[in-house]
Every structure is written in structure tokens, then in C-alpha cells.
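Hi,

Here is the structure I promised to pass on to you.

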Amino acid sequence: MVDTEEIQVSFPCENSGEDQTKIPSEVQDEIGDTQNNCTKRPGSRWQAISIAILMVLFCGVTGILFTQISKSQSVTAELQHMAEEILTASNITKQLQVENSQLKQLLNSTYRNFTLLRSEYGQVKLLVNATLYNFALLSAEKTQLSMLLKNTLQENTQLQVGNKELNMLLNATEEDCNLVEEENRQLNLLLNDSLHITTLASAENKRLRQLFINEQQISMHLEADNRKQRSILFSDNLSFLWRFCNESTLRCTRCPPGWVEHASRCFFLSRESQKWEAARRVCLGMGGDLAVVGNSEDQAFLTNLTFQFAREHPQENFHSAWIGLQDMVKEGDHLWVTGDRTKSTVTYWKHLEPNNAIASWDKDRAGQDCVAIVPPGRLEQEDWLNSWDDIVCGGKRHYLCETMALTLS
Ligand SMILES: [Ca+2]
Ligand SMILES: [Ca+2]
């Protein structure tokens with residue numbers, strides 16, 4: 001460093017404007033005094049000029065020096081600054097070295113940790129794979145468990161329903177059980193009563209068995225008697241009975257089937273036509289004979305019978321029905337099959353009958369000797385009861401049979 005006070009003593013001359021600003025005021029005053037002194041010494045102008053030149057040179061050199069010094073100072077400052085920076089850099093380098101060392105240690109540590117981590121990573125990877133495998137197994141197991149849970153829930157629901165039904169059934173069963181117990185108690189009572197009754201019944205049974213044996217013996221005797229009586233009953237002598245009675249049930253009616261009862265007599269109007277004598281044989285074969293009119297009731301009954309038959313069987317072309325009256329032996333002497341002659345009060349000839357007319361086909365010209373009932377056109381007509389007509393016996397007519405009604409006690 002250059003001392004400012006030294007510069008003021010060595011160079012007290014004028015200077016350029018720029019330099020003057022840098023020279024202190026005391027120095028400038030000094031320089032002015034010097035110039036004045038020079039002016040006062042007229043003989044030394046050259047000296048003064050020399051001095052001035054020297055001064056100028058001095059000032060120039062000084063300025064250069066000053067400039068160099070300034071530069072030197074600047075460089076020095078820069079060097080100092082650089083030294084400081086170097087120092088700082090050195091410190092930083094040291095710090096960096098320390099840090100580098102630390103970093104190396106840290107790097108080594110990190111490497112070791114990395115190695116460990118890589119090893120752990122491998123293990124973790126294996127563990128993850130194992131975990132994934134286990135996870136897959138667990139997922140499958142979870143699915144199975146879910147299905148199992150769903151099935152279990154359904155079964156649980158069904159079991160609950162079944163349990164509810166079983167509870168209801170159990171309750172019903174308990175009620176039934178109570179009823180059965182009650183019934184069992186009553187049955188026990190009844191059983192005791194029954195045992196008592198059975199004991200009594202056993203004695204009664206023994207008595208009844210003896211009675212049964214006795215009745216069986218009686219029945220055997222009766223059955224023998226019955227067989228004997230049945231043989232008598234079914235003999236030819238009593239064969240007429242079976243026209244009135246059923247052989248299986250032994251039930252009898254007053255008239256045979258198809259016959260009509262009137263005045264304790266049974267009458268039958270045939271569905272077929274026969275000559276008079278053949279008709280009588282048929283009636284005799286049925287245990288009877290041709291019908292006989294004994295009074296007006298008989299006449300009314302038989303005439304009505306023919307009237308009803310003709311009305312109910314229009315397809316039969318019914319003309320008349322033989323009765324048991326004829327005059328074959330002597331003309332005009334009419335006899336019943338019983339041998340009785342007609343009574344004048346019990347004759348019911350149609351108008352203009354008997355006329356003993358000779359039919360054109362009657363080759364023997366025997367005339368009309370057999371009597372039949374001709375049904376009236378209407379029952380309300382005045383002479384409807386007079387229905388007798390003598391007809392040729394060889395003509396075929398329906399016929400009226402009669403027999404006695406069976407007297408049932
Ligand atoms: Ca006649
Ligand atoms: Ca006639």
C-alpha cells in the first residue's frame with residue numbers, strides 16, 4: 001500500500017483536472033506557492049520548465065504507478081479474494097472429501113443395504129408368488145365356501161321351514177298323543193268292562209252253545225220233516241199250487257202271474273187265438289176252464305177285460321174272446337162248461353144274437369154253436385153289457401180262462 005502523505009511531499013506541482021480532484025486541498029495550496037516562487041525567479045525559467053517537465057513526468061509516472069498500484073491493489077484484492085476463494089474451496093474440498101467419505105460410507109452402506117434388499121426382494125418375490133398362489137387357492141376356496149355358504153343358507157332356510165313344520169307336527173302329535181292317552185284311558189276302562197262282560201258272556205256263551213246244540217238237533221229233525229213235507233208238497237197231487245207259489249221262496253199269491261182276481265176267482269185273457277175246444281184244453285191245462293158268467297158283475301168284469309185289452313193292443317186285431325158257453329149238442333140249448341144251463345136273467349146277447357148264422361166257409365154248415373164276448377165300442381153306450389155272440393166253433397178267437405183263487409191263511 002502507498003501512503004497518501006508521502007505523495008503530497010514528493011510531488012507539490014500542478015496536475016491535470018482529474019488528478020487535482022484526487023489531490024488534497026493543502027497539496028494544491030503548496031503547489032500554488034511554488035509557482036509563485038518560480039515567477040519571482042526570472043532567471044531560472046528553464047529550470048522551472050525542467051522542473052515542470054520533471055513534475056509532469058513525475059506525475060505521469062506517479063499516475064502510472066498509482067494506476068499500477070491500483071491495479072496491483074486490485075489484483076492483490078483479487079488474489080486475496082481468490083486466496084479466500086481457494087481457502088474457501090479448500091474448505092469446501094475438505095468438506096467435500098468428508099462428505100465424499102461419508103457418501104462412500106453411505107454408498108457402501110447403501111450397497112450393502114441394496115444387496116440385502118435385493119436378497120429380501122428375492123425372498124419377498126418368492127413370498128409374493130407364494131402369496132399369489134395362496135391367494136388363488138384362497139379365492140377358489142372362497143368361491144367354494146361362498147357356494148357352500150349359499151347352499152348352507154338354502155339348507156338352513158329349508159331346515160327352518162322343515163323345523164317349523166316339524167314343530168307344528170310335534171304340537172299336533174302332542175295333542176294327538178294327549179287324545180290317544182285319554183282314549184287309551186277310556187279304552188282301558190272299556191277293556192275292564194269288556195273283560196267283565198266277557199266273563200259274563202263266556203258263561204252266557206256256554207249256555208247259548210248248549211242251546212245252539214239243542215236247536216241244531218231240533219233243526220235237524222225239522223229239516224228231515226221239511227224234506228218229507230217238501231216231497232209231499234212237490235208231488236203231482238199238489239202241482240197246481242206252483243202256479244200260485246214261487247218254488248224258491250215258497251211265497252204264494254192268490255192268483256197265478258198274469259191272471260186277474262175277481263170274486264175270489266182268477267181270470268186270464270190269452271194273447272193268442274185258438275178254436276173253442278183247443279182253447280178249453282189250454283184252460284184245463286192251466287188248472288182252470290173257460291170262464292163262466294154267473295151274474296152281472298161277472299159279465300161286467302169280463303166285458304171290461306176284453307174292452308181294455310182291445311184298447312191297449314190295437315195291433316192284435318182283437319175281435320172277441322171265447323167263454324165257456326156252447327149249444328153244440330142241441331141248437332138253442334146253451335150250456336156252460338159246468339153243465340149248467342143259462343138263466344134267463346143272466347144272458348147278455350148282443351142285439352139279434354144268437355143267430356146261428358152259417359158262414360160261407362162253413363162246409364159242414366154246423367152253424368154257430370160257441371159263444372164269445374165281443375168288446376163294445378164304448379163302455380158308456382146303453383147296451384154295452386150285452387156282448388155275447390154265437391160264433392162258429394172252428395173259428396180262432398182269443399179266450400177267457402178262470403180258476404179259483406188260492407185261499408191264504
Ligand atoms: Ca147254435
Ligand atoms: Ca152269431
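The mean pLDDT of the protein is 80, with 83% of its residues at 70 or more. Where pLDDT is low, the predicted coordinates should not be read in detail.

**The overall picture**

The protein has 6 helices and 8 strands. Reading from the N terminus, the order of elements is α-α-α-α-β-β-α-β-α-β-β-β-β-β. Of the 409 residues in the protein, 15% are buried. If you take the contacts between residues at least 6 apart in sequence, 69% of them join residues at least 24 apart.

**The core**

The largest nonpolar core holds 30 residues, and L290, W322, I323, A372 and L400 have the most contacts inside it. Two or more residues come from each of β2, α5, α6, β4, β6, β7 and β8. As background, nonpolar side chains tend to be buried together in soluble globular proteins.

Setting aside its neighbours within four places in sequence, A372 is in contact with S320, A321, W322, I323, D389, I391 and R397.

Which residues of α5 are buried? They are W276, A279, R280 and C283. Looking down the axis of α5, these buried residues fall within an arc of 100°, so they line one face of the helix. The general rule behind such a pattern is that an α-helix has 3.6 residues a turn, so residues three or four places apart point the same way. The buried residues of α5 pack against β3 (289-290), β4, β6 and β8. Just after α5, G287 has a positive phi of about 85°.

Helix α6 covers residues 296-312, which is 17 residues. From first C-alpha to last, α6 reaches 24 Å, close to the 24 Å expected at 1.5 Å a residue. The buried residues in α6 are D298, Q299, L302, T303, L305, T306, F307 and A310. What do they pack against? The partners of the buried residues of α6 are β2 (265-269), β4 (321-326), β6 (370-373) and β8 (398-404).

β4 deserves a look of its own. How many of its residues are buried? The count is 6 of 6, so to speak a mostly covered strand. A321, I323 and L325 point one way from β4, while W322, G324 and Q326 point the other way, and all are buried. In a regular strand the side chains alternate between the two faces of the sheet.

The pairings of β4 are as follows:

- β4 and β6 are antiparallel, over 3 bridges; the bridge partner of A321 in β6 is I373.
- β4 and β8 run parallel and are joined by 2 bridges; the bridge partner of A321 in β8 is H398.
- β4 and β5 are antiparallel, over 2 bridges; the bridge partner of L325 in β5 is W336.

**Backbone details in the loops**

If you plan to look at backbone geometry, a few places are worth a visit. E353 and P354 are joined by a cis peptide bond, with omega about -5°. P354 lies in the loop between β5 (335-336) and β6. The loop between β5 and β6 also holds N356, whose phi is near 45°, a positive value in a residue other than glycine. N356 has 14 C-beta neighbours inside 10 Å and so counts as partly exposed.

N317 sits in the loop between α6 and β4. Its phi is near 50°, again positive in a residue other than glycine. Is N317 buried or exposed? With 8 C-beta neighbours inside 10 Å, N317 counts as exposed.

Best wishes

Key. Residues are numbered from 1 along each chain as its sequence is written. Chains are lettered from A and ligands numbered from 1 in the order in which they are written. Helices (H or I, at least four residues) and strands (E, at least two) are DSSP runs, numbered from the N terminus. The expected span of a helix is 1.5 Å times one less than its number of residues. A residue is buried if 20 or more other C-beta atoms lie within 10 Å of its own, exposed if 12 or fewer, and partly exposed in between; C-beta atoms are placed from the backbone. Two residues are in contact if their C-beta atoms, placed from the backbone, lie within 7 Å. A nonpolar core is a set of buried Ala, Val, Leu, Ile, Met, Phe, Trp, Tyr and Cys residues joined through C-beta atoms within 7 Å. The arc is that of the directions from the helix axis to the C-beta atoms. pLDDT is the predictor's confidence in each residue, from 0 to 100. Two strands pair if DSSP finds at least two bridges between them.
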